[in-house]
Amino acid sequence: MFTSYLSRRVAAGIAAAGVAVLPLLPAAAQDAIKVGAPLPLTGPLSPEGLKQKRGYDLWVETANTKGGIKAGGKTYTVEIVYTDYASNTPRAVQSAERMITDDKVNFLFAPFGSGATKAASAVSEKYGIPMIAPTASSAEVYDQSYKFLFGTLTPNETVSEPIAKLVTENKPNIKRVAILARNDLFPLAVAQAFEKAVKAQNLEVVTFERYAIGTMDHAAAITQMRAARPDWVYASGYINDLILIRRQMNDLGLKPQILTMIAGPAYPEFAKTVGPLAENITSMSWWHPAVRYKGKDVFGSTEAFNAAWEKKYGGEADYVDASSAVDGAIIQLGIEAANSIDPAKVRDAIAALDVETFYGKIKFAASGQINSLQPPVFQLQGGQPVVLWPPAIKQGELRFSP
Amino acid sequence: MRSWIVLVVVTALTAALPLAGNNYLLRLATITCMYAVLAQSWNFIGGLAGYPSFATAAFFGLGAYVSAILQVHGLPSVAAWGCAGLIAMLFAAFIGGAILHLRGHYFAIATLVVAEMLREIVNTTPHFTGGGMGLNLPIMRMSVGAQAQFFLFAMLGLSFLCTATAILVQRSKLGFGLRCIQQNEDAANVLGINTYAYKTAAFSLSGVFVGMAGAIYANWTNYIDPPDVFDVLLAIKPLVMVMLGGLGTIFGPAIGALILIAFEEFVWRNFLTIHAAALGFIIVVLILFLPNGIVPLLRERVARRGASP
Amino acid sequence: MIYLQIAANGLVLGGLYACIAVGFSLVWGVLNVINILHGTFIVLGSYIAYFAYVHAGIHPFASIVIAGGVLYALGHAIHAGIINRVIAAPVLITLTLTFGLDLILNNAMLVAFTADYRSINLARPLGTLEIGPVFLPGDRVAAMALALLLTILLWRLLRDSRIGRAIVAVRMDREAAALMGVDVKRINAITFGIGALMAGAAGALLSIIFPISPLNSATFLGKAFVVCVLGGLGSVPGAIIGGIVLGIVESFGSYWFGPEHAVTISFAILLVLLFARPRGLVGRRGYE
């Protein structure tokens with residue numbers, strides 16, 4: 001198995017190098033639409049970068065197999081120009097600009113995360129190239145009145161208010177909430193949105209601690225939370241942080257009735273790594289394979305998307321995978337609606353979209369952020385995510401730990 | 001005299017780059033000028049005085065944040081850049097007082113730690129600095145092409161100033177004193193050189209231009225956050241550039257910057273996944289086989305050729 | 001009382017910090033080399049323990065031997081082949097050299113193992129010890145105990161074995177040691193190897209506590225730095241004391257000022273120490 005890790009890495013490296021060389025090859029006989037995708041393929045964010053890449057690749061394959069994209073009387077194949085910005089935000093910005101000026105991409109996918117998206121969006125706005133962001137949820141990203149930026153994750157309130165309501169409705173004696181947030185754009189913003197949501201339900205936030213990026217020991221924060229005797233513990237961060245926090249909570253005897261974590265439990269790796277400790281963890285996700293939508297996009301329906309994913313990659317997609325794939329589908333829908341690949345026309349078409357897709361209803365607010373979704377609340381029960389909300393796709397009941 | 005001519009010619013040539021019409025080339029040139037400033041600044045304290053400083057990242061980040069915060073509160077950009085340089089210089093002088101009495105390892109560590117501390121301070125004061133969420137700067141109302149040129153000229157101007165200062169220092173009493181300190185600090189003291197004053201001057205010089213470079217960089221990218229502007233690579237790369245070009249020389253830093261940036265671009269385009277290793281490889285080869293850098297090597301060659309009958 | 005728990009957290013953490021730092025301190029004190037590779041060596045040790053557990057069921061504590069052995073060989077080779085050529089150069093040169101080597105090794109590990117965080121899920125974890133109001137995580141305590149044991153073993157080695165005494169002699173005065181017949185080159189390589197061995201062993205111990213990824217190497221290195229300056233270079237008791245002090249300071253600092261300030265506090269202490277007492281709490285004057 002060790003050698004297969006190695007050979008997979010080598011293969012991926014060669015593939016990445018190969019794809020990077022693609023734009024230098026002479027133009028294919030058929031016209032191609034190029035979408036630039038600066039990604040963190042190495043460095044701390046590489047797991048997420050690779051998820052985005054998988055989503056894009058599935059879209060490209062699906063779109064091209066189904067006959068390409070038709071606009072203005074021509075048929076185009078679609079290809080993605082990748083570059084690795086090594087989780088370094090300035091490099092992401094640089095890559096985006098180079099893709100526009102040198103590689104002459106028609107459209108852009110945003111880099112990973114709210115911070116890098118915000119930084120790179122200045123470039124796409126400058127050049128008037130539509131950029132779609134699959135992994136930026138914080139409102140701060142969209143507050144610059146940019147016209148060419150769109151995002152398919154709903155604002156942080158939408159992943160905070162539903163669970164606050166759900167818990168208080170089901171068990172009114174939950175009163176004390178402890179929050180532990182990573183000191184980073186998204187985790188901090190989402191924790192603050194959560195704080196607002198629980199306060200609106202008249203719960204008491206007994207502690208709100210922040211931990212530095214790269215913290216490897218949470219004993220102090222957990223000890224402090226334990227001393228405040230919370231009923232509900234909420235932790236935000238990325239998957240590695242949350243795994244560590246969960247384990248240390250167990251080590252130090254912090255056993256709240258409800259434990260909510262974001263954004264790790266949505267990934268299958270989380271439950272696998274944490275094992276039995278994952279039981280009853282609640283979380284929210286912008287998308288979940290259990291949703292059921294029928295769409296006008298190239299995938300057609302959630303079931304069809306899930307099947308295509310299973311066939312190409314095995315296993316289930318998570319929300320990063322799906323958000324990336326739908327971003328491709330949105331560009332396609334925009335081109336088809338505008339009947340042209342002119343950036344300004346496609347931009348207007350995307351802004352006017354009001355359509356169902358496998359991902360859910362797509363409609364963008366004036367800021368460019370999607371506001372037409374209801375991110376599901378789920379709970380890990382028996383190692384599997386069980387959707388608790390919205391009622392239309394509910395799969396089970398909320399459980400509390402004794 | 002020759003140094004001045006070279007400086008003016010190179011600057012003029014670089015200023016003519018916009019005629020080539022390629023925005024990406026301008027971006028590369030701007031980055032090269034920026035690193036030339038960082039490398040040249042490091043040379044004052046590391047090359048001339050022989051004190052291995054890793055504070056470049058601290059000054060850069062400090063300059064970036066000072067300028068960004070001032071602009072968010074309404075100060076025009078060029079004025080903010082000037083303030084950033086001034087504050088970086090004062091900060092260097094202040095910190096210098098605390099750590100310049102350390103030798104060797106300890107000085108190096110102290111400078112590294114200063115950068116980390118500044119980063120953490122920024123991280124934990126989000127109301128003021130945006131903290132982990134980063135800070136957005138007001139966008140300049142300029143076309144894309146005009147912006148590319150504007151920032152090229154800004155960085156180029158800064159690197160001109162910096163190199164001019166280097167030329168002046170080399171020939172001055174300060175430069176002489178610093179070289180004495182590098183060779184034998186105790187002897188220099190005995191000879192009556194105010195080592196404390198000289199070292200502080202060198203350290204301050206190593207901060208002022210870097211602070212301004214950080215400020216210009218912030219406007220250029222429109223968005224800064226602590227891991228990016230306090231990145232330890234910002235301290236290591238200038239060092240490697242100076243070693244590549246030649247410690248203590250005038251144009252060594254700029255030459256080193258050009259070579260390293262060119263190499264990095266090549267590697268980024270062709271060897272995505274191993275670019276860090278490629279940089280490491282250059283460093284190892286450099287240290288093992290080219291300990292004095294390229295400029296002294298070339299000088300030696302030229303001298304030898306001139307000397308042969 | 002909560003202070004007891006905080007103190008316990010700090011002690012456990014501190015013991016681990018001591019083990020992380022002792023190899024680094026040795027190399028720095030004896031060879032005058034700031035070994036930037038140290039953090040990456042630790043991570044490599046963790047990976048060895050991880051794969052040994054996942055593929056062969058070997059408990060990470062037993063992997064200390066395997067990881068230590070592999071890292072010793074690696075460290076020895078790197079030193080004898082590369083670092084030794086510039087061993088007499090100023091600290092700037094050797095630091096930059098090890099930085100470059102670290103870039104290579106870290107990148108190689110990233111390509112081989114990916115940046116994905118791995119964790120070891122022990123089939124039979126030791127559970128949590130509850131002593132009154134204090135919760136002591138069993139596996140951490142065991143790791144800490146082993147870490148301290150290893151460190152003490154190293155100390156005995158330095159004091160009592162011939163090689164150890166040769167190492168100490170080189171640390172005290174390189175020329176005099178050479179004059180006394182010590183093969184300084186060989187001792188240098190052995191010392192570097194031992195430093196790497198301790199790093200690998202620490203990595204094996206840490207593999208059950210922290211997530212494993214090449215991305216963590218900088219964090220380990222940062223801790224090692226602080227512990228060394230706190231405790232004094234080249235001194236094993238110094239590393240132990242420095243580690244424990246750092247653990248306690250971080251733990252209480254987090255409690256009083258908030259966890260996000262823990263790193264700032266430790267660096268602030270470092271700066272103050274550098275300013276006031278660079279040789280550290282236990283180190284001897286003259287090694288700076």
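How many residues of chain C are in contact with chain B, and how many of chain B with chain C? In this predicted model, 34 residues of chain C are in contact with 37 residues of chain B. The legends below treat this interface and further close-up views.

**View 1. The interface of chain C and chain B buries about 3200 Å².** Carbon and sulfur atoms give 84% of that area. C:Leu92, C:Leu271 and C:Leu274 supply 17% of the area that chain C buries against chain B, more than any other three residues. Zero salt bridges are counted between chain C and chain B, and one residue pair is found in polar contact across the interface, both residues being at pLDDT 80 or more. On the side of chain C that touches chain B, the elements giving two or more residues are helix H4 (91-113), helix H9 (217-231) and helix H11 (262-276) of chain C. H4(C) gives the most, with 13 residues. By class, this side of chain C has 25 nonpolar, six polar and three charged residues.

**View 2. The interface of chain A and chain C includes one salt bridge.** Here 34 residues of chain A are in contact with 37 residues of chain C. The buried area is about 3000 Å², and carbon and sulfur atoms give 63% of it. The salt bridge is formed by the side chains of C:Arg140 and A:Asp217, at 2.7 Å from N to O. Six residue pairs in polar contact are found across the interface of chain A and chain C, with both residues at pLDDT 80 or more. The elements that give two or more residues to the side of chain A that touches chain C are helix H1 (2-21), helix H2 (46-65), strand E8 (204-211), helix H7 (219-227), helix H8 (239-251) and helix H9 (268-274) of chain A. The residues on this side of chain A divide into 16 nonpolar, 10 polar and eight charged.

View 3. The closest N and O atoms of B:Arg27 and A:Glu97 are 2.5 Å apart. B:Arg27 is buried, with a relative accessible area of 8%, and A:Glu97 counts as buried at 5% relative accessibility. A search of the whole structure finds 24 salt bridges over all chains.

**View 4. A:Arg182 and A:Asp241 form a salt bridge within chain A.** The closest N and O atoms of the pair are 3.0 Å apart. A:Arg182 lies in strand E7 (residues 176-182) of chain A and A:Asp241 in helix H8 of chain A, so the pair ties together parts that are 59 residues apart in sequence. Both A:Arg182 and A:Asp241 are buried.

**View 5. B:Lys237 and B:Glu264 meet in a salt bridge and belong to a network.** Their side chains are 3.1 Å apart, N to O. The pair links distant parts of the chain, with B:Lys237 in helix H12 (residues 233-245) and B:Glu264 in helix H13 (residues 252-270) of chain B, 27 residues apart. B:Lys237 counts as buried at 10% relative accessibility, and B:Glu264 is buried with a relative accessible area of 11%. The network of salt bridges links A:Arg91, A:Arg98, B:Lys237, B:Glu264 and B:Glu265.

View 6. B:Phe59 is in helix H3 (residues 56-72) and B:Phe91 in helix H4 (residues 77-99) of chain B, 32 residues apart. B:Phe59 and B:Phe91 are buried. B:Phe151 and B:Trp220 form a tilted pair, 6.5 Å centre to centre with 40° between the planes. B:Phe151 lies in helix H7 (residues 144-171) and B:Trp220 in helix H10 (residues 195-221) of chain B, so the pair ties together parts that are 69 residues apart in sequence. In chain A, ring pairs link A:Trp287, A:Phe299, A:Phe305, A:Trp309, A:Tyr313, A:Phe358 and A:Tyr359 into a cluster.

**View 7. A:Ser160 is buried, with a relative accessible area of 0%.** A:Ser160 is placed in the loop between strand E6 (149-151) and helix H5 (161-170) of chain A. The side chain of A:Ser160 reaches the backbone oxygen of A:Asn156 at 2.8 Å. Leaving aside neighbours within four places in sequence, A:Ser160 is in contact with A:Val190, A:Ala193, A:Phe194 and A:Ala197.

Conventions. Residues numbered from 1 in each chain as written. Chains lettered and ligands numbered in written order. Predicted model: local features only at pLDDT ≥ 70, side-chain atom pairs only at ≥ 80, totals over all residues. Heavy atoms only, no water. Contact = heavy atoms within 4.5 Å. Buried area = accessible area lost by both parts, 1.4 Å probe. Salt bridge = Lys/Arg side-chain N within 4 Å of Asp/Glu carboxyl O. Polar contact = N/O pair within 3.5 Å; in protein donor to acceptor, adjacent residues only side chain to side chain. Helix = DSSP H or I, 4+ residues; strand = E, 2+ residues; numbered from the N terminus. Nonpolar A, V, L, I, M, F, W, Y, C, P; charged D, E, K, R; others polar. Buried < 20%, exposed > 50% of the residue type's maximum accessible area, 1.4 Å probe, protein only. Phe/Tyr/Trp six-rings, centres within 6.5 Å; stacked < 30°, edge-to-face > 60°.
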